[in-house]
Amino acid sequence: MPRKPFVVNETVREKVRHLAGVGVRQDDIARIIGCAPKTLRKRCRDDLDRGVAEANAMVSGSLFAAAKGGNVVAQIFWLKTRAHWRERTAQSDPASGSDGGGNPPVVLVLPDNSRDPELTPALRGAHKQNFSTNTDGDP
């Protein structure tokens, strides 16, 4: 006995648009309306896309209205996401990664384990340059 064809009417399309708009997964939408996920994507592709677009437009409109109404958090979010505003760190902040000019670069001197004869003179030279208070001559 062949399967009964899935009928897509305006009620089904409206339900698909609503469920897609509120973020329900396509597999779950298919289960709710009683078809296979592949059938849903094939027969209701426009409704899936339109539901998401309409929901985004509605939320975007609410966000814009809140920002215009004086909601500072909404204003900041809007400017960061839509106007591409970014926060900048202070130049003297060492965490910013920029050299503010006041701090010398950090020098890491590895201990000489005498395993690499070519590296030993370079390590000793770096140690003398950065730690000239050592009197015994060993790094």
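**Entry 1**

I started at R17, which sits in helix α1, residues 10–21. Helices here are DSSP runs of H or I with at least four residues, strands are runs of E with at least two, and both are numbered from the N terminus. This is a predicted model, so I kept in mind that local features need pLDDT of at least 70, that side-chain atom pairs count only at pLDDT 80 or more, and that totals for chains, interfaces and linings use all residues. Residues are numbered from 1 along each chain as its sequence is written, and side-chain values use heavy atoms, with hydrogens and water left out.

Is R17 buried or exposed? R17 counts as buried because its relative accessibility is 13%. The cut-offs are under 20% relative accessible area for buried, over 50% for exposed, and partly exposed in between, with a 1.4 Å probe and protein chains only.

I then listed the contacts of R17, setting aside neighbours within four places in sequence. They are E10, D47, R50, G51 and E54. Contact means heavy atoms within 4.5 Å.

**Entry 2: The whole chain**

I counted six helices and zero strands. Along the sequence the pattern reads α-α-α-α-α-α. Of the 139 residues in the protein, 17% are buried. I looked at contacts with a separation of 6 or more: residues 24 or more positions apart account for 30% of them. The accessible surface comes to about 11,300 Å², and 55% of it belongs to carbon and sulfur atoms. Those areas come from the Shrake-Rupley method with a 1.4 Å probe; for residues, only the protein chains shown count as cover.

**Entry 3: α1 against α4**

Two packed helices are described by the angle between their axes and the distance between the axes. I looked up both for α1 and α4. Their axes come within 7 Å and cross at roughly 50 degrees. Axes are lines fitted to C-alpha atoms, for helices over the stretch in contact, and angles run from 0 to 180 degrees between N-to-C directions. The angle makes α1 oblique to α4. The classes are roughly parallel under 35 degrees, roughly antiparallel over 145, roughly perpendicular from 65 to 115, and oblique for the rest.

The crossing of α1 and α4 is right-handed. That term means the near helix is turned clockwise from the far one by less than a right angle; anticlockwise is left-handed.

From α1, the contact uses R13, V16, R17, A20 and G21. From α4, it uses D47, L48, R50, G51, V52, E54 and A55. By class I noted five nonpolar, two polar and five charged residues. Nonpolar covers Ala, Val, Leu, Ile, Met, Phe, Trp, Tyr, Cys and Pro; charged covers Asp, Glu, Lys and Arg; the others, Gly among them, are polar.

**Entry 4: α1 against α2**

Next came helix α2, residues 26–33. The axes of α1 and α2 come within 10 Å and cross at roughly 150 degrees. The two are therefore roughly antiparallel to each other. α1 passes α2 in a right-handed crossing. V12, K15, V16, L19 and A20 of α1 make the contact with I29, I32 and I33 of α2. I noted seven nonpolar, no polar and one charged residues in this contact.

I also checked the loop between α1 and α2, where R25 lies. R25 is exposed, with a relative accessible area of 51%. Its C-alpha is 10.0 Å from that of P37, 12 residues apart in sequence.

**Entry 5: α4 against α5**

Where do the axes of helix α4 (residues 45–68) and helix α5 (residues 72–81) run? They come within 7 Å and cross at roughly 120 degrees. That makes α4 oblique to α5. α4 passes α5 in a left-handed crossing. S60, L63, F64, A66 and A67 in α4 meet A74, Q75, F77 and W78 in α5. These divide into seven nonpolar, two polar and no charged residues.

I followed W78, which lies in α5. Leaving aside neighbours within four places in sequence, W78 is in contact with S60, L63, F64 and A83. W78 and L63 are 15 residues apart along the chain, and their C-alpha atoms are separated by 7.7 Å.

**Entry 6: H84**

My last stop was H84, in the loop between α5 and α6 (119–130). H84 has a positive phi of about 60 degrees, although it is not a glycine. H84 counts as exposed, at 58% relative accessibility.
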